[in-house]
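Here's a quick tour of a protein model and its charged side chains. Have a look at the picture first, then read on.

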Amino acid sequence: MASYLIESFDRLPFGGAEKARRYATERYRGAVGRNWYDCDPTLRFLMRRHLGEGFGWAEPRLREMGALMGGPIAERAEETDRNPPRLEKYDRWGRDISQVVMPPSFEAARRDIVATSFTRPDFVAEAERGGVDPAPMGVAWSYLLDQADIGMACALGTGGDMVVGLAELFAPDDVKARVRELFAAGEMSGEAAQMLTERSGGSDLGALESTASREGDAWRLNGFKWFASNAGGSAFVVLAKPEGAVDGVRGIAPFLVLRERRDGSRNGVRIRRLKDKLGTRSVASAEIEFTDAEAFLLAPASSAGEGGDGRGLARMMELTNGARLGISMMGLGCARRALVESLCYTRAREAFGAPLGAQPLMRRKLAELIVETEAVQALVFDGYLGRPRLRLGAALIKLRAARLGVTAASDAIEIHGGNGYIEQWPVARILRDAQVNPIWEGGDNILCLDVRRAIERQDAHEPFLERLSQAVERSPGGDDETAALVGQSIGHLREAIQKWRGLDRTVAEARLYPLAQYMADVYAAALLLEQAGWERADSGEDRKALVARLYARSHLADPGPLRGIDDPADDLERFEDLADGAFTGD
């Protein structure tokens with residue numbers, strides 16, 4: 001039943017019930033309010049594959065999480081976006097308290113998420129006692145949360161693994177105990193932040209100015225961080241240069257700074273202001289000043305006494321690959337949400353005498369969104385669950401996933417027309433949020449430089465190419481053309497890498513971007529073929545083989561002089577298979 005008034009223009013001579021039906025509010029049910037596990041066949045497929053015999057135990061819990069994320073968490077995300085965090089800088093006597101006040105919608109969502117997280121220690125222990133690998137469920141949890149609110153995912157997860165892991169290795173015993181207390185609910189509890197960026201350099205970390213001076217088994221840290229997310233947390237990993245260290249990358253060391261000093265007093269952490277951001281408003285990002293803050297070195301002390309062993313940044317960057325996968329999942333979450341909102345809208349909206357989703361051009365766009373989203377889904381899940389983990393994987397996956405989140409959200413706005421540009425509809429926020437993913441944890445150029453480093457220093461392309469070949473070997477029979485195309489592309493990619501390694505240094509750096517894109521293209525195509533093999537063995541169906549074929553044709557095949565205009569119309573002829581296999585709902 002409609003909840004709005006019938007107005008006079010609804011009775012105009014050229015109006016009528018049929019036209020009014022086109023814009024009846026109740027017909028436009030989007031993603032919110034649905035069970036995001038139940039309506040996602042691709043997620044159910046991946047959980048069956050990765051959980052194996054543990055799937056029966058896991059599915060009821062996955063279904064509960066799908067209802068939570070698609071319902072209360074998604075609803076609260078919209079409220080938090082409208083009422084973001086605020087800073088209480090001073091108390092009534094003018095003393096600096098630098099307190100971030102989070103809106104009630106955020107706090108309620110955070111309580112529910114942390115209490116039911118698949119990554120919390122008690123849940124992990126319960127799963128392991130039952131013989132179930134909890135890792136795939138943790139990945140599904142992130143995937144579902146990121147469709148609701150990547151800002152919340154950032155607030156809960158930024159730097160938690162770094163704080164816990166490095167503190168256990170290097171912090172004094174009493175500080176380790178305090179960190180364990182703070183993270184009793186798990187690393188994804190929202191207590192951590194990583195503070196790297198300064199005005200002097202951004203990604204050029206060697207130019208940072210923050211300085212630490214030794215003080216017994218602790219340090220005194222002074223400096224100014226320009227962009228620090230989750231500013232209301234309790235434990236921060238902060239990059240600084242110990243006094244006496246070289247002024248460059250090798251002089252950087254990571255330090256732990258807690259909100260409170262050892263003696264319980266407030267530490268020297270001042271928030272200057274919160275950033276007025278384009279999106280991800282649910283995570284408080286700030287400019288933070290450290291004034292004689294008590295800090296603890298998160299690296300081995302050097303014999304020279306200047307602090308650290310010169311590998312502090314490198315050690316921290318080893319943990320950054322996990323963070324990059326987290327950002328990749330955020331990009332995938334934005335793309336998946338954009339796809340679902342687009343499918344919901346086009347099934348309800350009517351134009352030119354038919355549903356919008358029945359128009360050939362719209363079907364082409366939706367089919368493209370489905371294929372691209374499932375390709376990135378394959379990449380991200382392989383990054384988390386594939387073994388052994390590829391050194392090149394995180395950079396290539398983030399390169400593709402972060403960008404897809406932006407383009408998919410932009411497509412969703414276009415699909416919604418003028419409505420998509422309005423904040424009352426959900427897709428405007430998705431685009432605002434998605435735009436940060438190509439920046440967080442390194443932009444495209446930084447990722448490309450990491451690809452170069454991995455190839456040149458570790459020959460990381462060899463296990464990468466081997467993984468691709470193994471994936472193609474697991475493809476189903478009956479589609480030899482696609483398997484041959486991807487297999488041929490693996491060979492061409494090897495040639496491209498060898499050729500690239502022989503280029504002039506300057507030219508080689510300029511060519512890194514197309515090389516990395518090529519690697520991501522072949523990686524995704526190989527994984528989709530592997531999934532097609534799993535699907536054939538699991539159910540005898542060939543939908544994933546169709547997705548792999550469409551992706552490989554788009555990204556790897558020579559379009560010829562007609563630019564693919566004469567290609568088979570699989571995307572149209574089997575559109576219902578594509579759409580129903582991506583999203584089940586009215």
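## Contacts and overall build

Let's start with contacts (heavy atoms within 4.5 Å): among those between residues at least 6 apart in sequence, 75% join residues at least 24 apart. Keep in mind that this is a predicted model, where local features need pLDDT of at least 70 and side-chain atom pairs count only at pLDDT 80 or more, while totals for chains, interfaces and linings use all residues. Residues are numbered from 1 along each chain as its sequence is written, and side-chain values use heavy atoms, with hydrogens and water left out.

The C-alpha trace spans about 75 × 65 × 50 Å along its principal axes.

How many of the 586 residues count as buried? The share is 56%, where buried means under 20% relative accessible area, exposed over 50%, and partly exposed in between (1.4 Å probe, protein chains only).

## Salt bridges

Side chains of opposite charge can pair when their charged atoms come close. A salt bridge here is a side-chain nitrogen of Lys or Arg within 4 Å of a carboxyl oxygen of Asp or Glu, and the whole structure has 55 of them.

Take Arg 120 and Asp 122, whose closest N and O atoms are 3.0 Å apart in a salt bridge. Arg 120 is buried at 16% relative accessible area, whereas Asp 122 is partly exposed at 47%. Glu 168 and Arg 180 also pair up, at 2.7 Å from N to O. This pair links distant parts of the chain, with Glu 168 in helix α8 (residues 160–170) and Arg 180 in helix α9 (residues 173–182), 12 residues apart.

## A helix tie and a network

Glu 462 and Arg 494 form another salt bridge, at 3.2 Å between the closest N and O atoms. Glu 462 sits in helix α15 (residues 461–473) and Arg 494 in helix α16 (residues 480–501), so the pair ties together parts 32 residues apart in sequence. Glu 462 is partly exposed at 36%, and Arg 494 is partly exposed at 31%.

There's a network of salt bridges too, linking Glu 78, Arg 337, Glu 341, Arg 429 and Asp 433.

Terms used:
Helix = DSSP H or I, 4+ residues; strand = E, 2+ residues; numbered from the N terminus.
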